[in-house]
Structure formats: C-alpha cells, structure tokens
Amino acid sequence: MQSPPNVFMPGRRDVLYGLGASLGSLALTSLLRGAETGSEERVHHPARAKRCIFLMMEGGPSHIDTFDPKPELTNRHLQAFTRSGEQESAMSSGKRYFVQSPFEFIKAGQCGADICSEWTHLKERVDDICFYRGAQAESVNHPTACYHINTGNRFGGDPGIGSWVTYGLGSQNENLPGFVVLPRSSYPQGGAANWSNGYLPAQFQGTPLRPEGSPILDLNPPKGVSRQRQRANLDLLAKLNQGHLAARPGRSELEARLNSYELAYRMQMEVPDILDLDGESEATREMYGIGQAKTDAFGRKCLLARRLIEKGVRFVQAYAGNWDSHDYIERAHGSLIRSVDRPIAALLKDLKQRGLLDETLVIFCGEFGRTPDNGLRGGGKSYGRDHNAKAMTMWFAGGGTKGGHTVGATDELGAEAVECVHPIRDVHVTLLHLLGLDDNRLTYYHAGRFKQLSQFGGEVIQELIG
Amino acid sequence: MKHPKLPSAILRCAVILTLALPSTLSGEATDGEKLFALHISEILAEKCIACHSRDKDKKLKGKLDLSSRETILNGGESGEVLIPGEARKSLLYLATTWEDEDYEMPPKEADRLSKEQQWKLRDWINAGAPWPDEKRVAELRNEFATGEIVKTSGGLGDDWTNRRYETKKLWAYRPLQVEEVPEGKHPVDWFIRRKLNRLGLSPAPVAAARGLARRLSFGLTGLPPQPTDAKDFAEAHATDPALAVTNYGRKLMATPHYGEHFGRQWLDVARYADSAGFANDYARPNAWRYRDYVVRAFNNDKRYDQFVREQVAGDEIDSSNPEHLIATGFLRMGPWEQTGMSVFRVTRQQWLDDVTDSVGQAFLAHPLQCAKCHDHKFDPIPTRDYYRMMAVFSTTQFAERATPFLKEENKTGFAEATQWILAKQRSYQRQKKTLNERIAKQKKKEIGSAKTGNNNLDPGDEASQARIFKNLSRHRWELDKTKPIAFAVYTGKTIQRKNVSSRTPMPGAPWGEGAMEEDTILTGGDAYTRGDPVRPGPLSVAEHLGGMAPADFTAGQGNRRLALAEWIVDQKNPLTARVMVNRVWSWHFGKGLAGNPNNFGGTGAQPTHPQLLDYLASWFMKNGWSVKKLNELILSSAAYRRSSRHPDPAVVEKKDPKKSFYAIQIPRRLTAEELRDAMLAASGELNRQRGGLPARPDINLEVAMQPRQIMGGTASVYEPDPHPSQRNRRSLYAEKIRGLRDPFLETFNQPGSDKSCELRETSTVAPQALTLFNSEEVQDRALAFAARLLKEGTSDEHVVTRAFALALGRHTTAVELESCLRHWKNATAEERGKRYEPKEFPKGITRTVMAEKTGEPYSFWESMPAYDQYVPDLQRSDVDARTRGLAQVCLVIFNLNEFSYLD
C-alpha cells in the first residue's frame with residue numbers, strides 16, 4: 001500500500017508525450033503543429049502572461065550598485081575586518097574591507113524607485129517595474145548558480161525554465177522552436193546545459209540563435225550548394241524512403257523523420273527572415289541603440305526578443321554580461337549598465353507601445369548578487385565585490401507583475417535579504433504561476449518520480465503580483 | 001461540533017451500522033474502521049498532515065487541521081469539509097477529485113491521490129468517517145492489513161519502519177526463483193513463448209538475412225557488417241538461421257570492436273567524460289585509461305563480479321595492480337571541482353552524494369538520491385541506508401596515482417599530443433612575455449586607497465594576463481595525459497583542499513594528515529546538520545528479504561569499499577546479477593525485461609518476464625558471470641532472430657500495444673556514435689585503431705572556435721587532430737568535454753555525462769535533419785564515400801550498386817538504380833561549371849569577449865598549432881565534377897531512414 005499508485009495515473013501531458021518513453025512521432029507531430037495554437041486550454045489557471053522574456057545578467061550583477069542603495073557603506077568604506085568559518089569559501093574569508101558604491105542613486109518615476117543614476121534610460125520606465133530584493137540563491141559558484149536560476153537544479157542536467165514553459169504551453173509557430181536563447185558569443189559557464197531540455201522531450205530544448213556565424217548550426221548547406229540542389233536531394237530522399245516506408249506500415253517514427261526534413265527546409269527560410277532587422281524602422285533601431293558600438297549587441301538581442309515573441313515564441317532568454325566585477329566596479333558595472341540600459345528601456349517601451357507588455361513577462365536577473373565587502377586582490381585593495389548568494393535584486397515588468405513597486409529588502413549593508421525572503425524555487429513557481437502554470441501540476445514522470453521545476457514544490461510570491 | 005446532515009436514504013443503512021459499531025468493542029470490525037486503519041490514516045498522514053496540522057511551527061494551511069476527527073469536523077477557512085455519510089458533499093473528498101479547480105488537494109500533482117485512494121476516502125466518509133483509536137488501529141492492521149512489513153536498518157520514524165509494501169513491488173529484493181526449463185528447450189524461448197501462448201499471440205518469423213546481419217553487427221560491435229561477412233552470413237542463414245547467428249555472433253565478439261561497443265554502453269552507465277565540468281572544466285588527462293580498461297574488460301570477458309570489485313575497490317584489493325587502480329576511476333567519473341570559490345565541505349559532500357547514488361544506480365539499480373533527505377517515499381530504503389552506504393566512501397580520497405602502462409595500452413600519439421600542448425604553452429609564454437613587458441611599461445601606479453582600474457592599461461591586456469595564466473595552468477595539467485598516472489582513489493583521512501588546479505598526489509601517509517570524517521545521518525540532507533551516527537553498511541532490505549548473511553562492514557581504517565564490493569557480488573545478493581543481465585538484455589532488445597535498468601525499486605517498471613530474468617541471472621552466475629556467454633545464450637534464441645515485421649500487425653497492436661512480449665523484434669535507430677561510425681565505415685575513412693589518448697575529431701567549426709568561458713577567462717580553442725586518421729576514429733574515442741559537446745552527437749541523443757544514463761533515448765527533431773544534410777562533417781563523409789566508390793567501381797551501375805551494398809548492405813532495385821543514376825548525372829552537370837578553392841585553415845584565431853575586470857569587450861589572438869600540420873579530409877577542390885555529383889547521391893543515402901534504422 002506504500003506504492004504511489006498515482007504515478008501510474010498520467011496527466012494529460014504525459015499521455016501526449018509518453019511516459020519518458022521514446023518519442024518518435026509524437027514529439028515531432030507537436031513540433032510540426034507548433035503544438036496547440038491556443039494555450040488557453042493548456043493552462044492550469046487564467047494566465048497573466050502569455051510569454052516571457054528573460055534578461056539573464058550573467059556573472060552576478062551587484063544589487064548594491066544598481067537598484068539597492070546602501071548609504072551605510074559610505075560610513076564603513078574601506079573599513080577592514082576578517083572572516084572565517086567552515087561554511088565560507090576561500091573567497092569570502094580572510095582579510096576583507098567594505099566598499100561603498102561608486103554610483104549616485106536617485107529616486108525615479110512616480111513610484112520613487114531607487115536606481116543608480118547610470119541607468120539614464122531605464123529610470124524612465126521604473127513605473128512599469130517591480131523590483132524584488134528578497135530572493136536568495138544557494139550557491140556562490142557561477143556554473144552551479146547559473147544552473148540553479150536557469151533549471152532549478154544546481155548541478156545541471158535538468159530542464160531549463162523555458163523548456164518547462166514550452167512543455168506546458170506549447171509553441172505558437174510551427175516553424176520556430178518555442179524556447180529561444182540569445183546567448184553571447186561566449187556561452188555562460190556550464191555551457192548549453194543552461195538551456196537543456198534535461199529529461200523533457202528534445203523538442204523543448206532551448207534553441208540558441210547565435211550572434212555570430214550561422215544563427216542555427218548547419219541551418220544552411222556549405223557554400224556552393226544551391227537551394228535547387230537541396231530540393232533535388234530532398235526529392236530523391238523522399239523517393240528512396242518511400243519503398244522502405246511502404247514495407248513498414250504503422251511505423252510513425254519513420255514518417256516523422258521524413259517530415260523533419262521538410263521542417264528543416266522551411267526553417268531555412270523562416271529564420272533569416274526573423275533575424276533580419278532591416279525591416280524595422282530607423283527610429284526603432286535607434287531606440288534600441290542598434291548601430292552604436294556600446295549598445296549594438298544587446299540592442300539587437302532585445303529587438304530580436306520582441307520580434308520572436310511576436311512570432312509566437314513562448315520564452316526568449318537573452319544573455320548579457322559578464323557582471324562578475326571583483327575589481328574596478330565603477331568601470332565594469334558602469335560599462336555594462338551602459339551596454340544594456342538603452343536596449344532594455346527600449347524593449348519595455350516598445351512592448352508597451354504595441355500593447356504587448358501586459359501579456360509579456362519581462363525578467364531581469366543574474367545568478368546571484370554581490371557582497372558589500374571585498375577580499376584582497378593581487379595583494380591589495382580593489383573597488384570590487386565578491387559573490388553573494390544571500391542577497392540580489394531582480395526585477396519584473398509586465399505580465400501581471402506589480403509595476404512601480406519595490407518588494408522585499410536587504411539588511412543595511414546589502415549582505416543578506418531580510419524581508420519577503422524567498423529561495424529561487426519560489427521565483428520559479430511565481431514565474432510559472434503568472435504564465436498560468438501550476439508548478440505542482442506541471443510535472444513530468446521521470447526515473448520513478450514526477451519531477452517539477454521547483455524540484456520539491458515552492459510558493460508563489462504574492463507580493464510581486466499586481 | 002455540527003451534527004451530520006441527514007444521510008440519504010440509500011446510505012442510511014450503512015451509517016446506522018457504523019454509528020452503532022463504536023459501542024461494539026467485541027472486535028467485530030466494520031468496513032469503515034478497516035478503511036481508516038488500513039488506508040485513510042496513512043493517506044492523511046502522508047498527503048495532508050504536513051500542511052494541515054498544528055504540530056509543527058509551520059503555518060496551518062486554510063486554517064484546517066486534519067489531525068483528528070474532531071478538528072476535521074470543525075472545518076477551516078472554506079467552512080465544513082467533512083459531512084459523515086455524505087462524501088459527495090464533503091470537501092475532504094471532493095477536493096481530492098480535482099473536479100473543482102478552486103479546491104484541488106493535495107496541490108502537488110506528484111502527491112495527488114490515485115482513483116483508488118479517492119474511492120477509499122469516499123467510502124470511508126460514506127461509512128460515517130469512523131476514527132478508531134491507536135490501539136484499535138493497531139489491532140485492525142494486525143488482523144487485516146495486506147502487504148508486507150519489511151525489515152530494514154530502520155526509518156527515521158516508526159511509521160515508516162512499520163509501513164507495508166505491495167508484495168509485487170518487492171520482487172527485486174527476493175532471492176532468485178529459478179524455474180526448471182524442460183530438456184531441449186531454449187530457456188529464453190521457453191519463457192517468452194509461454195507468455196505469448198497465454199496471450200494467443202504468435203511470434204513473427206525469423207528476420208531476413210540482411211536485417212539480421214545488421215542487427216548482429218551493430219548490436220555486438222556498433223558497426224555495420226563487413227560486406228563479405230554479410231554475404232557469408234546470408235548464405236549460412238539460408239540453410240540454418242540459428243547456426244548462422246551463433247557463428248556470426250561469435251565471430252563479432254572475437255573482434256575488438258565488441259569491447260568498444262559494449263564498453264561504450266557501460267560508459268553511459270558510468271557517466272564517463274574526459275573533463276571535470278563546472279567552472280574550469282579542467283581536462284581529466286588520465287580518464288581515458290578507465291575508458292580503455294572498460295573496453296578491455298568486455299573484450300577479455302572479465303568476470304562481471306570481478307569487474308564490479310575492481311571498480312568499487314580495486315585499490316583496496318591490490319594497489320600494485322595497474323588495472324585495479326585504473327578501474328577505480330569509476331568512483332570519480334561524476335562532474336566535480338574545487339575552486340577558490342567553493343567550500344570544501346560542500347564539494348566533498350557533493351562527491352559523496354554522487355558516488356553513493358551512482359554506485360546504487362550502476363550496480364544495484366537503485367537511485368539512492370531519493371533517500372538522501374528523508375526515508376524513501378516508496379521503496380524500503382531508509383535514509384539510514386543512504387548514509388550507511390555513504391559511510392563506505394567517507395575514507396575514500398582522490399589521487400592521481402603512479403600507475404605504469406600495461407603493454408595492452410595504446411601509447412600511439414603520445415609524442416604528438418605532448419608537442420601540441422608544448423606548442424600551445426610556448427605560444428602563450430611568448431604572448432605573456434610581450435604582454436608583461438607592455439604592461440610594465442604602460443602601467444601607472446594607482447594612487448587611491450584601492451584600485452579602480454585607473455592604471456592606464458588596455459582593458460584587454462589585464463584580461464589576457466588572467467586568461468593566459470589560467471590556460472597555462474590548464475595545459476600544464478593536460479601534459480599528464482601521457483604520463484603513467486591513473487585517475488584513481490585511495491583510502492585514508494580527508495585532507496581539506498582549497499583549490500584543485502593540478503594533479504592530486506598520494507600523501508605519504510594516508511592516515512597521517514587530515515581528518516576522519518564523522519559518519520552520521522545528515523538531517524534533511526544538509527551537510528551541516530548531523531543526525532544519528534551510522535556505520536558503513538549495505539542496502540538493508542536486500543540483506544533481509546534476499547536472505548543474505550548479515551554483513552559486517554569494517555569501519556575505521558578498514559577496507560570499507562572492499563566490504564561493499566564483496567557484498568554487491570555475493571552470489572546471494574538478489575540485485576546484482578539481475579541488474580546486469582537486465583542491462584545486457586536491454587542492449588540487445590532496446591528495452592529491459594525490467595523497464596528501468598537503473599531503477600529496480602517500486603517506482604521502476606515491473607519486469608515483464610520475471611521468471612526469465614531470474615533464470616538468466618542465475619545462469620549468468622553459474623556461467624562465471626561471463627557476459628559473452630550470456631550474449632551467446634540470448635543470441636541463440638528464436639526471440640532474438642525474430643523479424644521486426646509481423647505478418648499480422650493488427651493483432652500485435654491489439655494484444656501487445658506496448659510491444660512488451662517479444663512477438664517481434666523492436667526496430668531501433670542507430671545511436672549518435674553508431675551513425676557517425678557507420679558513415680566513416682562506408683566512406684572507408686574509419687581508423688579502426690583501438691584505445692589510447694582521446695581523439696579530437698573535426699566538429700562543427702563554429703562550435704569549435706566559439707569562445708568558451710571558464711573561470712578567469714576563455715578556454716583555449718578546440719583544435720582537431722592534424723591527421724585524418726587521428727580524427728576519423730570511432731566516436732567512442734572522441735574526447736568528451738563536459739562543457740563542449742560535439743553538436744552532431746548531442747543532436748542524436750548522446751546523453752550528457754552528469755548523471756548515469758540507463759538507456760539511450762531516441763527523439764526525432766529538425767536539427768537532426770539539418771546536421772545530417774548540411775554539416776561539413778557529413779558532406780565530407782559523402783565526398784569520401786563517392787571517391788571510394790569511383791576508385792573501386794567499374795561502371796556507373798556498379799558504382800551505385802556498390803554504394804547500396806556498402807551503406808545499406810543490399811542490392812538496389814531497378815527504380816532506385818535508375819533514380820540514383822539520373823541524380824548523379826544531373827548533379828555532375830551542375831558541378832561541371834563550378835570551381836572550388838582548397839579550404840584555408842588559419843593558424844590562429846582572433847576572438848572577442850568581455851573583459852571581466854572592465855566590462856568592456858576586447859579581442860585577442862590565439863595560435864592553433866594543430867593547424868600547422870593539418871591535413872584536411874578529401875575536399876571538393878580535390879575531385880572532379882563526377883565525384884562531386886556522386887557525393888550528392890551518397891549524401892542522400894546517408895540520410896535515408898534505412899541507413900539510420902535497424903529492422
């Protein structure tokens with residue numbers, strides 16, 4: 001009687017995708033149909049957001065130097081102390097000193113949000129933003145923390161958030177994947193496992209659109225192979241496959257495989273079309289900072305994110321970084337803020353203008369925050385900060401979140417979250433919740449257990465919801 | 001307390017009965033009472049109480065307390081929840097049906113009540129919701145409970161210790177039950193036919209020679225049949241298929257490719273990789289010796305019990321035996337690193353968790369991770385067992401140990417590999433020198449109280465300093481790959497390590513420096529919360545139910561792993577032989593007799609043919625744990641030879657929709673490695689050399705050149721080996737870098753090596769079509785195939801016929817021949833007008849990444865010494881239009897369903 005009879009009572013999604021069995025045609029069928037066009041029947045409760053743009057600030061942006069001012073640090077600036085303990089890594093123990101923020105903070109918008117004055121464009125959008133200072137990570141290592149924020153599991157190998165979301169909601173475009181990643185030319189630590197489908201079926205894997213070279217690997221044949229040649233090859237392939245297929249009736253996976261070639265062929269047309277930003281007005285390109293050295297790279301990602309969600313992509317994750325400023329924080333964070341400020345502000349404005357912001361959840365976060373103090377760097381002091389899992393700022397816009405609010409708080413130094421404190425898994429649960437998905441029910445049976453993004457369940461952070 | 005509303009007429013009888021009963025203490029048990037004692041109390045405890053009781057300092061959810069009948073009747077925020085006698089009006093029941101979306105309990109899908117449980121709850125409420133006291137519950141359970149209480153080392157609480165298990169879910173822990181097979185009957189067929197007969201399903205006839213030859217050859221070696229072998233086999237098959245299979249099977253198992261293929265399957269289970277993963281993803285320069293050890297073990301048909309002993313405790317058995325030391329690499333195969341950013345206690349625990357879980361999965365088919373934080377939810381595996389197993393490893397320590405090379409080990413290419421590393425180092429050293437000079441010249445001392453970066457340096461220069469420093473240290477460690485060192489372990493005290501960026505030597509005295517780890521339960525799985533002390537020990541349920549002699553594992557400075565290894569391979573261990581024969585079965589049939597080769601617990605799939613599994617397990621042990629003999633037994637069955645096509649597919653679909661009963665052989669797609677190897681075999685480029693240093697094949701160039709972030713900078717670029725023969729080796733030998741997967745292999749479902757993989761999955765997605773149709777690697781194979789065909793062919797017809805023979809192992813049909821010839825002709829005509837320049841390969845590459853210190857992009861140049869001597873595969877510029885035209889036909893052949901699928 002201790003058995004879990006419920007594990008043999010599959011939910012609808014498990015019926016669709018098979019109990020972790022080999023997928024064959026089912027997987028492809030849903031890929032081809034782009035799954036259901038209307039997500040309404042797939043949600044667990046009415047959704048506030050239909051899609052999500054996740055701005056991943058890789059490296060761990062400092063909350064203290066962006067959205068969470070700590071004037072007390074001015075009093076303690078360069079004050080020295082030592083720290084030790086079995087639970088401290090080499091980087092947080094030993095001789096240390098406090099570091100004040102080099103930046104000036106202002107109160108912006110009607111809501112009077114705290115923001116460092118380097119954000120000259122974003123400060124105009126704060127009334128649409130819900131700042132959250134209560135989140136805590138569980139690791140101070142980049143790859144484990146990145147895996148954690150991206151997949152809910154610190155050690156990698158589990159499905160990314162975008163995989164869960166597309167598994168839950170399906171894609172709306174039959175020629176595009178539902179989960180698209182816009183990485184930097186160098187992938188984050190831990191690599192592509194940050195957007196892996198894990199144990200979910202392979203069509204839920206995040207598809208990176210690479211910023212350089214071929215956007216999708218092998219999207220096009222090598223130089224010299226014409227489209228006519230490809231078509232002729234595909235036609236011969238179809239012809240030669242026919243006999244094999246006819247002798248094996250009922251083998252849907254073989255048919256699915258044939259169809260996958262046609263889909264691939266169509267993707268060759270569709271993808272370059274989406275990536276071509278020339279169709280956008282000069283004003284729009286300008287607004288995103290495209291064509292300007294500092295902002296071009298991330299501006300393109302933000303504009304592309306908008307275009308992708310307009311085409312029905314469910315989950316877009318855009319990477320910026322590296323925010324790992326152990327040194328020279330003024331210079332490094334200053335430069336990084338300038339590289340993303342204009343693009344992000346433009347994205348929020350553009351979404352709003354087009355009436356998309358209400359149904360698009362925008363998230364800005366890194367894998368952890370930074371410490372109010374620093375360790376010795378090359379034997380001397382340096383204005384920088386180490387990794388901090390206990391405090392960070394992330395923010396949300398649109399998609400049913402409470403714009404113009406700041407939720408949660410850190411202590412007077414910014415060392416630790418003290419108000420409305422929640423682990424990352426609760427952030428994940430909240431994200432799914434806004435998309436109409438219940439983490440406790442968005443499960444997949446694998447290796448003897450129903451698995452879920454939060455691993456073991458979590459709670460919705462109600463304070464973030466408008 | 002509210003009075004229950006009047007029950008409906010239909011139910012009145014039952015309620016009156018129930019209400020009357022609490023007074024009859026005579027012992028007559030009502031259905032309601034029984035339901036409570038046997039089911040409801042547990043459902044409440046397991047599914048509801050965590051949120052709905054005042055016990056803990058947790059918030060009482062919905063102000064509803066479900067810990068007693070009285071508090072339930074008090075209701076909660078949503079009002080009344082229980083109306084005895086009226087389940088359809090009681091939220092307590094209705095919420096479990098999830099019919100009303102506002103009330104769905106328990107809220108987690110994973111905890112949701114089964115239909116059966118919902119009905120029990122309904123019936124109990126309709127029976128008046130009686131709530132007998134504890135003593136009575138105990139009496140009732142004693143009298144009526146089905147299922148079994150299982151003896152283990154004990155749960156964290158009595159409830160768990162005394163809970164009952166469905167008998168059928170305990171199959172894996174019971175001693176083998178070996179049935180006699182009548183004289184003259186093949187045991188595999190005896191058991192399988194019995195089931196088929198019962199189902200009234202007749203099996204498919206024997207497979208056609210061609211499909212069977214491919215099945216055998218790929219199944220035993222991962223490679224397509226040699227055309228001459230296929231021909232011989234077809235002839236033999238015509239007279240005696242059974243004998244033909246046996247002979248060809250033997251022949252294949254005698255080739256070294258057998259060990260490569262079976263080894264590859266074991267390496268999936270062992271989570272093999274050549275790098276450490278995570279932030280630095282350092283190379284594990286000696287891991288390849290473990291890979292080759294595994295290949296040798298299968299080729300030499302090493303007894304499986306010995307194979308287990310060596311991997312778990314080789315060093316403790318005989319540390320002077322190189323094979324034994326190399327074998328222990330298994331224990332360290334998971335991703336692991338210790339950097340300045342990590343806490344040693346945490347990373348040490350991470351390894352202990354990985355090794356406990358991996359040993360559980362690989363040898364005992366038990367993912368033990370499920371018992372790390374709490375007693376296992378479904379299986380009789382207490383948390384105590386998890387920590388007893390972990391205690392086996394608490395004196396296991398990492399070391400790169402001096403281990404001489406065996407004469408069987410392949411030392412080819414040592415000099416070239418070292419030269420390449422030295423060339424990389426020299427180049428970095430040169431750059432470092434110039435850089436340091438420039439920095440010394442330009443650097444202005446910062447005058448402030450702390451550095452802000454106002455030092456007059458180019459942002460890239462400082463970043464390059466860090467990057468070069470890191471890559472020099474990576475390459476320094478990499479030099480170990482040709483040294484007589486094993487990636488191994490020893491037994492001793494735990495030495496704290498802050499930053500592991502080079503080989504870990506053996507300490508002079510293993511029991512000198514360091515600390516003895518405390519062996520305790522870690523409460524809630526938290527490395528810092530110690531619970532009860534434990535002694536090293538095995539899975540207690542297997543010991544008790546399996547009728548094994550109680551194990552007394554040594555503790556202290558004893559050989560703990562040896563004790564575990566001996567326990568695992570004990571002939572009476574109910575799990576070990578079953579687990580391995582099930583793996584071997586799954587390697588032949590694409591699925592296990594028990595459906596989850598890594599999970600024999602109650603949540604894994606039950607065996608479809610338990611008697612066969614037990615028979616094979618026993619047979620395996622009696623036959624010296626020989627995997628080759630086991631293969632022969634399986635291969636000689638009619639079940640193995642069966643066609644994948646049934647004369648009456650509709651009947652199969654109806655009677656065996658899941659294809660569990662072996663009326664047909666289940667067709668399968670080639671694995672990623674087989675697919676690549678098969679193309680190399682067809683094109684004639686495959687270098688069949690065995691073992692040795694990891695090969696670096698050509699991979700998608702964009703991925704190879706893409707900057708890869710590591711701690712402190714960007715890892716050196718991926719450079720393929722210079723010579724085609726080095727690159728075009730079997731995929732098994734391709735360097736497996738956790739942070740840099742070969743996109744071709746990954747796309748075709750090669751699993752990542754973070755966790756043990758029990759069986760390959762097969763998905764069909766569009767990127768597979770893109771890579772198989774468009775990638776340079778496949779196009780190169782097609783071109784080489786075309787060149788080979790033209791070299792060997794006598795006429796156009798002969799060329800096309802031979803293409804089919806080599807790639808698909810069969811003749812062409814007239815239509816196929818005609819279509820291919822026409823395609824070739826047209827493509828050749830197109831190619832005639834084209835000119836191709838030879839591909840240029842750069843000797844270095846400039847890449848742009850972000851500088852960490854300044855947050856600004858910088859570019860740097862890196863040399864690629866492998867390209868100094870790089871010899872490309874055959875290129876389009878090397879051949880004429882006719883060859884290029886034929887390559888288009890070859891490309892199509894590689895893309896055929898028939899090429900990728902086995903019948």
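Chain A holds an open sheet of 8 strands with mixed pairing, in the order E9-E8-E10-E1-E11-E15-E6-E16. Its edge strands are E9 (207-208) and E16 (405-407) of chain A, each pairing on one side only. Strands here are DSSP runs of E, at least two residues long, and helices are runs of H or I of at least four; both are numbered from the N terminus. Two strands count as paired if DSSP finds at least two bridges between them.

This is a predicted model: local features need pLDDT of at least 70, side-chain atom pairs count only at pLDDT 80 or more, and totals for chains, interfaces and linings use all residues. Residues are numbered from 1 along each chain as its sequence is written, while chains are lettered from A and ligands numbered from 1 in the order in which they are written.

Look inside the sheet. Strands E6 (residues 129-132) and E15 (residues 394-397) of chain A run antiparallel and are joined by 4 bridges. Tyr132(A) has Met394(A), in E15(A), as its bridge partner. Strands of a sheet pair through backbone hydrogen bonds, either parallel or antiparallel.

Now turn to chain B. It has 36 helices and 12 strands. The C-alpha trace spans about 100 × 90 × 55 Å along its principal axes. Of the 903 residues in chain B, 52% are buried, meaning that 20 or more other C-beta atoms, placed from the backbone, lie within 10 Å of the residue's own.

An automatic or database assignment sets the domain bounds. In chain B these are domain 1 (9-145), domain 2 (176-205 + 588-670), domain 3 (207-254) and domain 4 (672-902). The C-alpha centres of domains 2 and 3 of chain B lie 20 Å apart.

Finally, the two chains meet. In chain B, 98 residues are in contact with 101 residues of chain A. Helix H31 (residues 766-774) of chain B supplies the largest share of the chain B side, 7 residues.

Key
A residue is buried if 20 or more other C-beta atoms lie within 10 Å of its own, exposed if 12 or fewer, and partly exposed in between; C-beta atoms are placed from the backbone. Two residues are in contact if their C-beta atoms, placed from the backbone, lie within 7 Å.
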